[in-house]
Structures are given as structure tokens and as C-alpha cells.
Amino acid sequence: MPRRRPAMVEAQFRWEIGVAVRERVATGSAAPRKFLIKGKAYFDSHAAYTLADAETGETMGGLYQEDQLEPYDPTPMPFAPEMD
């Protein structure tokens with residue numbers, strides 16, 4: 001009996017090309033960098049994006065998964081409180 005290949009599940013894309021996003025990281029008091037979605041791809045069956053710097057147009061290296069990005073908001077994200 002032939003072995004069945006596992007079905008590949010592809011995620012749906014949340015962001016459209018040209019949308020402004022930032023990385024989901026704490027930025028302290030500095031304004032977060034603004035990126036534009038430049039392209040879409042799949043990485044390990046997950047939606048991923050190529051980014052370009054909004055000011056320079058320079059393409060950022062690599063693919064960024066959706067859980068690494070959020071809508072651009074110039075308000076800095078506060079650092080998480082430190083636990084003792």
C-alpha cells in the first residue's frame with residue numbers, strides 16, 4: 001500500500017503588500033522602525049513577508065512571519081515590568 005503524504009496546510013495572509021508594520025519588540029523611548037510589506041511567501045507552511053524600510057526603501061533581509069509583526073503605531077511599546 002503506498003504511503004500518503006501529509007497534507008500541507010497553508011496559512012492565509014493577514015497583511016497586504018504596501019501595509020505599514022513594525023516588529024513586535026519593545027523599543028524603549030525610541031520610535032519604532034516603520035516597514036512596508038514588500039512581498040509575500042510561505043515558510044514552513046506559514047505566511048511570511050519580505051519587508052522594506054519605509055524611509056529608505058531598502059529591502060530587509062529574510063522572511064518575517066506574521067507573529068513577528070503588528071500594525072505600525074509610532075507610540076513606543078513599554079518594556080515589560082521586571083520580575084523580582
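User: What makes the meeting of the arginine 24 and glutamate 70 side chains a salt bridge?

Analyst: The term requires a side-chain nitrogen of Lys or Arg within 4 Å of a carboxyl oxygen of Asp or Glu. Arginine 24 and glutamate 70 meet at 3.5 Å, N to O, so the pair qualifies. Arginine 24 is in the loop between β1 and β2 while glutamate 70 is in strand β5, so the bridge ties together parts 46 residues apart in sequence. This is a predicted model: local features need pLDDT of at least 70, side-chain atom pairs count only at pLDDT 80 or more, and totals for chains, interfaces and linings use all residues. Residues are numbered from 1 along each chain as its sequence is written, and side-chain values use heavy atoms, leaving out hydrogens and water.

User: Why is glutamate 70 called buried?

Analyst: Buried means under 20% relative accessible area, exposed means over 50%, and partly exposed lies in between (1.4 Å probe, protein chains only). Glutamate 70 has 14%, so the residue is buried.

User: What polar contacts does the glutamate 70 side chain make with arginine side chains?

Analyst: A polar contact is a pair of N or O atoms within 3.5 Å; within protein, one must be able to donate a hydrogen and the other to accept it, and residues adjacent in sequence count only if both atoms are side-chain atoms. Glutamate 70 joins arginine 22 at 2.9 Å and arginine 24 at 3.5 Å. Arg22, Arg24 and Glu70 are also linked in a network of salt bridges.

User: How many salt bridges are there by this rule, and where does the one between arginine 33 and aspartate 53 sit?

Analyst: The count is four. Arginine 33 and aspartate 53 meet at 2.8 Å, N to O. Arginine 33 lies in the loop between β1 and β2 and aspartate 53 in strand β3, so the pair joins parts 20 residues apart in sequence. Arginine 33 is partly exposed at 46%, whereas aspartate 53 is buried at 11%.

User: Which parts of the chain does the lysine 40 bridge link?

Analyst: Lysine 40 bridges to glutamate 16, with the closest N and O atoms 3.3 Å apart. Lysine 40 is in strand β2 and glutamate 16 in the segment before β1, 24 residues apart. Lysine 40, at 34%, is partly exposed, and glutamate 16, at 49%, is partly exposed.

User: How do you know which strands pair with β1?

Analyst: Strands (E, at least two residues) are DSSP runs numbered from the N terminus, and two of them pair if DSSP finds at least two bridges between them. β1 (residues 20-23) has two bridges to β2 (residues 35-43) and three to β5, so both pairs meet the rule. β1 runs antiparallel to β2 and to β5. Valine 21 stands opposite phenylalanine 35 in β2 and opposite proline 71 in β5.

User: What makes a group of residues a nonpolar core, and which residues form the largest one?

Analyst: The set must be buried Ala, Val, Leu, Ile, Met, Phe, Trp, Tyr and Cys residues joined through side-chain atoms within 4.5 Å. The largest core has 10 residues: Trp15, Val21, Phe35, Ile37, Ala47, Tyr49, Leu51, Met60, Tyr64 and Leu69. β2 and β3 (46-53) each give two or more residues to this core, and β3 gives the largest share, three. Leucine 51 has contacts (heavy atoms within 4.5 Å) that include Val21, Phe35, Ile37, Met60, Tyr64 and Leu69, leaving aside neighbours within four places in sequence.

Technical notes:
Helix = DSSP H or I, 4+ residues; strand = E, 2+ residues; numbered from the N terminus.
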